[in-house]
Amino acid sequence: MKLASFLSLVLITGFLFVAINKLHPVGAPLGNPDVLKDRSSAATDIINVNTMDDYYLRNSQTETGSNNVVSSIVFDYRGFDTLGEATVLFLVVTSISMLLSLLYKREDVDDYEFRKPNEFPGDVSRIISYGSYLLYPLIITFGVYLVIHGHLSPGGGFQGGAVMASGTALLLVSALITRHVHRTRRIFSFFESLGLTIFISMGFAGIGTTFLYNFLANGSSTLFGRAIPFGPNPGFLNSGGVLPVLSFAIGVEVFFGLSIILVTLFHVARHRKDME
Amino acid sequence: MTDFFLYVTVVLLVFFGLSAVLFKRNLIKIVIALNILEAGVNLFFIVLAYRPEGTAPIFTLAPELEKLRMVLPTPQALILTNIVIGFATTALMLVFAVFIYRNNGTLDIRNLKGVEDHD
Amino acid sequence: MISSVLFIILSAVIILTAMLSLYFRDLLASIVSYAVMSLVLTVVYFHLDAPDVAIAEAGIGAALTISIFVLTIKLTRRREE
């Protein structure tokens, strides 16, 4: 058994070392490097386009109205893929929540006192609690900025939700959320389901053409539909079509889903003595 | 040649992760090893998309079009979602590890109930 | 080539921290080492012109992963026997 493991390890690693010699060198990817030059003003221009990435770079700004090409791929061209990822996240959160709820009794849930920041137990440092009070609004603000500006600057629903969930982890470490775990989980699971519901309903709203069709882009300027010309620009918040809405939905779902995982696991870890 | 090290880094990360998955005995160590393997795969995709003297694929306040070259956006979009899903599956694996520890009293995979030693 | 020197150093740090995180018998130490690897990977992603991925990796790899690993260790045991 050990011999077979060793042989397969050597085989796979050797194959990888051979394979990286056959790949293109770093810094010379496939596609036309000058694909952004000499673009006509048409909505879709496929002259000199060789690969899929060339098409995205050349056309995503005029087709979706989003400055960030990565966001336009995640939420528009590959929106169905993102729906699958959101469903996987939802399933994982559901199964973790179900499994961990076997590990604590319902009655020993609300037995913690809520602590004001000057009444700490001995094992929680005062610096940590005051520091988390100071840092938490900044983290949430940064996460909301990332979600809202997802179609203009680096960011989007996934990153913003992850950053806000790290704020939840900060609060848990500094022992400020320890009470009403059931109520917290109920609220969080409602908002998590709300995010996925918004995503799916925005997908069905465009079903006149296809599922998840970007029906708001290049339309009314008040409904995120500002048409932007090709090229660098300072960025406009009301562009992007359905993309900011989907980014918001994914941000809500990722934030509350990851927070449910953290809150439940933290609560079970606090009850470790009762389990044994 | 200059950035060939990145490919070697990818292969070494995959090698370490795979060898630890095959030969380590502790379940949490195996989860860490899977995370390292996943980091190697993520780095591989980002390295594939790299283009020197390029900018990030974002048009906001970019240089003017004559000098503008962008890295490939599709691998970045794939890896972006993969990182979040990787965290979720890691959490699920850890919860399974907790349950295995509660049922068996150990995290050593040799001592689990119903597992025979084939060595 | 300043950038290739930078990439060599960062690659060396990544490989070193990955090896350390698999070498330590203390699981808490190996998790901290994994977080350092994620942080250095964030720098690599940023220099490879992928700021989206860098933000996601910084939030998840360095903050959230380490917190759920620490909670799991609190529920199980710390030493690898």
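Chain B of this predicted model contains three helices and zero strands, and from the N terminus on its elements follow the order α-α-α. The radius of gyration of chain B is 20 Å, well over the 14 Å that the globule rule gives for 119 residues, so chain B is more spread out than a compact globule. Taken along the principal axes, the C-alpha atoms of chain B fill a box of roughly 65 × 30 × 15 Å. Of the 119 residues in chain B, 51% count as buried. Where contacts within chain B link residues with a separation of 6 or more, 48% of them are accounted for by residues 24 or more positions apart.

Chain C is likewise described by three helices and zero strands, which run α-α-α from the N terminus on. The box filled by the C-alpha atoms of chain C, again taken along the principal axes, is roughly 45 × 25 × 10 Å. Buried residues make up 53% of the 81 residues in chain C, and among its contacts between residues at least 6 apart in sequence, 46% join residues at least 24 apart.

Of the 25 residues of H3(C), 21 are buried, so the helix is largely enclosed by the rest of the structure.

In the former, 48 residues of chain B are in contact with 49 residues of chain A. Helix H1 (4-23), helix H2 (27-48) and helix H3 (74-104) of chain B each supply at least two residues of the side that touches chain A, and H3(B) gives the most to that side, with 13 residues. By residue type, the side of chain B that touches chain A divides into 35 nonpolar, seven polar and six charged residues.

The contact between chains C and B takes 38 residues from chain C and 39 residues from chain B. On the side of chain C that touches chain B, at least two residues are supplied by each of helix H1 (2-23), helix H2 (27-47) and helix H3 (51-75) of chain C. The largest share of this side, twelve residues, comes from H3(C), the helix in which 21 of the 25 residues are buried. The residues of the side of chain C that touches chain B comprise 25 nonpolar, seven polar and six charged.

As regards confidence, the predictor gives the complex an ipTM of 0.93 and a pTM of 0.91. Chain C averages a pLDDT of 91, with 98% of the residues scoring at least 70. In chain C, confidence is lowest in H1(C), at a mean of 90, and highest in H2(C), at 94.

How values were computed:
Residues numbered from 1 in each chain as written. Chains lettered and ligands numbered in written order. Predicted model: local features only at pLDDT ≥ 70, side-chain atom pairs only at ≥ 80, totals over all residues. Contact = placed C-beta atoms within 7 Å. Helix = DSSP H or I, 4+ residues; strand = E, 2+ residues; numbered from the N terminus. Nonpolar A, V, L, I, M, F, W, Y, C, P; charged D, E, K, R; others polar. Buried ≥ 20, exposed ≤ 12 C-beta atoms within 10 Å, placed from the backbone. pLDDT = per-residue confidence, 0-100. Rg over C-alpha atoms; globule rule 2.2 N^0.38 Å.
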